[in-house]
Amino acid sequence: MRRALIGILGAAIVITIGIVLSSSRLSDGIRKALSDEATTTVPVSIASLTDSYRRGTHTVSGALVLPNACYTSDASASLVPSTTPQVIRIDISVPPDAGRCLALPATSTFSVTQAADQNAVITTYINGVLATSTAP
């Protein structure tokens, strides 16, 4: 009986050592921290872009095609300093969506105003990437 108990105990030790040695382990290297921001770009396209000029002010309106209705967009306009002709920069921000939504394209509209000369050039950026450039 004693020999059987020692044999079972020895087999259990050998099996335990085998499992420990053959199991996968994490590397001891430096691990990258997870960031909260997504590094992928959001697939957005401009469906329309119109400019109307009245009394020294450009009103630029447009429509964006977004991947789904859960995405939001925010637009702002600024005058690029020291340029001839004047350049109006429109920045459209579309942050990555974190929610669950149907994968059906949606449309979002925007409108911004900027005081500038009538012959000002308009450049449009989506998430910092040049999307289109028009000259009235």
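These legends go with several close-up views of a predicted model.

View 1. The chain has 136 residues, and 20% of them count as buried. Its accessible surface is about 10,100 Å², with 58% of that belonging to carbon and sulfur atoms. Take the contacts between residues at least 6 apart in sequence: 64% of them join residues at least 24 apart.

**View 2. An open sheet of three strands, in the order β1-β2-β5.** The pairing here is antiparallel. Strands β1 (45–54) and β5 (106–115) sit at the edges with a single partner strand each, so one side of each has no neighbour in the sheet. From one strand to the next, the twist averages 15°. As a reminder, strands of a sheet pair through backbone hydrogen bonds, in either a parallel or an antiparallel way.

**View 3. Zooming in on β2 and β5.** Strand β2 (residues 57–66) runs antiparallel to β5, and ten bridges join the two. For one of the pairings, look at leucine 64: its bridge partner in β5 is serine 108.

**View 4. A cis peptide bond between threonine 84 and proline 85.** Omega for this bond is near -5°. Proline 85 belongs to the loop between β3 and β4 (87–93). For context, most peptide bonds are trans.

**View 5. Positive phi at arginine 55 and asparagine 127.** Most residues other than glycine have a negative phi. Arginine 55, though not a glycine, has a phi of about 55°. You'll find arginine 55 in the loop between β1 and β2, where it is exposed, with a relative accessible area of 75%. Asparagine 127 has a phi near 50° and lies in the loop between β6 (121–126) and β7. At 37% relative accessibility, asparagine 127 counts as partly exposed.

View 6. The mean pLDDT of the chain is 81, and 81% of the residues reach 70 or more. Confidence is highest in strand β3 (residues 74–80), at a mean of 93, and lowest in strand β7 (residues 129–134), at 67. Over residues 34–39, pLDDT stays under 50, and the model has one contact beyond four places in sequence for that stretch.

Technical notes:
Residues are numbered from 1 along each chain as its sequence is written. This is a predicted model: local features need pLDDT of at least 70, side-chain atom pairs count only at pLDDT 80 or more; totals for chains, interfaces and linings use all residues. Side-chain values use heavy atoms; hydrogens and water are left out. Buried means under 20% relative accessible area, exposed over 50%, partly exposed in between (1.4 Å probe, protein chains only). Contact means heavy atoms within 4.5 Å. Accessible areas come from the Shrake-Rupley method with a 1.4 Å probe; for residues, only the protein chains shown count as cover. Two strands pair if DSSP finds at least two bridges between them. Helices (H or I, at least four residues) and strands (E, at least two) are DSSP runs, numbered from the N terminus. Axes are lines fitted to C-alpha atoms, for helices over the stretch in contact, and angles run from 0 to 180 degrees between N-to-C directions. pLDDT is the predictor's confidence in each residue, from 0 to 100.
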